[in-house]
Amino acid sequence: MTPEVLVIGHLVKDLVGEGWRLGGGAHYAATQFSRLGMRVGVVTAHGEEIEHPQLPRVEWNVVNSLETTTFENVYTDGKRAQRVAGRAGTIGYDDIPPEWRDAPIILFAPVLDEIDEALPSQIAARETLVALGAQGWLRRLDDGQVRPIDFEVEPAWLAGQLVFVSEEDVEDADAVSGWQQKVRMVVLTRGRRGYTIWNADGAFSPPTQLVAEIDPTGAGDVFAAAFTYKYALGGDPLAAGRFAHAAASLAVQGEGIDGIGTRPEIEAQVQREAAVGAG
């Protein structure tokens, strides 16, 4: 069966305390799509020690790997530093089940350059909404540490309709606006300072409300999934931005995936944020 949304990227072991918990952009995005009631297919790669989370309506296609991508995240004054203790294999076109390639929505959620950079252009030729989480293509592994790469105006992976990027992954955050010449829309998340949308109508930085933050890990992936979902329903980028910000606001108020909301919960958060803004 063709899923309603296809998510591609590594599942990750996030080291916490004396153990680890499951993470990665694909995990957070798939969880958000699942809680929005969508049928989800996930193409990922990891070692044999990983057991898939039991998410409703989610199917998994795993590229077997000797290792699992493993991160240690350290936050200082809201900024993240990452150490890498393992990395799973690359995901390419042949790793996607043929019937999944026609999913109406596809979200690429790489964490560390694990998706073949030619894959988005191979997929984008189809009649589908392709969204790109840029983070994993903007980072490299350097002596066990995650480092940013030099900014590219026309990277090979830039093919689709939507691009999501965090300001922590680029030195000149506003430079990503140039990507809008190649795609329909670029969305820059700015952490607690909200987000900016660039499209054919210009740049938009809607006001946002702060929430009590417990765990910011995965918030950008939740934002991307929720934005893509809402945008696919009606094509309104501002409504999609409000919905996505509310989804991320809920997500950071819980540990791991615990705070990720359902559609009614997210819509209620949209209303709360609107009420605070109006007041």
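Among contacts in the protein between residues at least 6 apart in sequence, what percentage join residues at least 24 apart? In this predicted model, the share is 61%. Contacts across such sequence separations are one part of the description; the overall dimensions and secondary structure supply another.

The protein contains five helices and 15 strands. Its radius of gyration is 17 Å, close to the 19 Å that the globule rule gives for 279 residues, so the protein is as compact as a globular protein of that length. The C-alpha trace spans about 55 × 45 × 40 Å along its principal axes.

Burial and surface composition can be considered next. Of the 279 residues, 54% are buried, where buried denotes under 20% relative accessible area. The protein exposes about 12,500 Å², and carbon and sulfur atoms supply 46% of that area. As for charge, there are 23 positive and 40 negative side chains, and the centres of these two sets lie 5 Å apart.

After H1 comes Gly37, a residue whose phi is positive, near 90°.

How values were computed. Residues are numbered from 1 along each chain as its sequence is written. This is a predicted model: local features need pLDDT of at least 70, side-chain atom pairs count only at pLDDT 80 or more; totals for chains, interfaces and linings use all residues. Side-chain values use heavy atoms; hydrogens and water are left out. Helices (H or I, at least four residues) and strands (E, at least two) are DSSP runs, numbered from the N terminus. The radius of gyration is taken over C-alpha atoms; the globule rule is 2.2 Å times the number of residues to the power 0.38. Buried means under 20% relative accessible area, exposed over 50%, partly exposed in between (1.4 Å probe, protein chains only). Contact means heavy atoms within 4.5 Å. Accessible areas come from the Shrake-Rupley method with a 1.4 Å probe; for residues, only the protein chains shown count as cover. Lys and Arg count as positive and Asp and Glu as negative; His and the chain ends are not counted. The place of a charge is taken as NZ of Lys, CZ of Arg, CG of Asp or CD of Glu.
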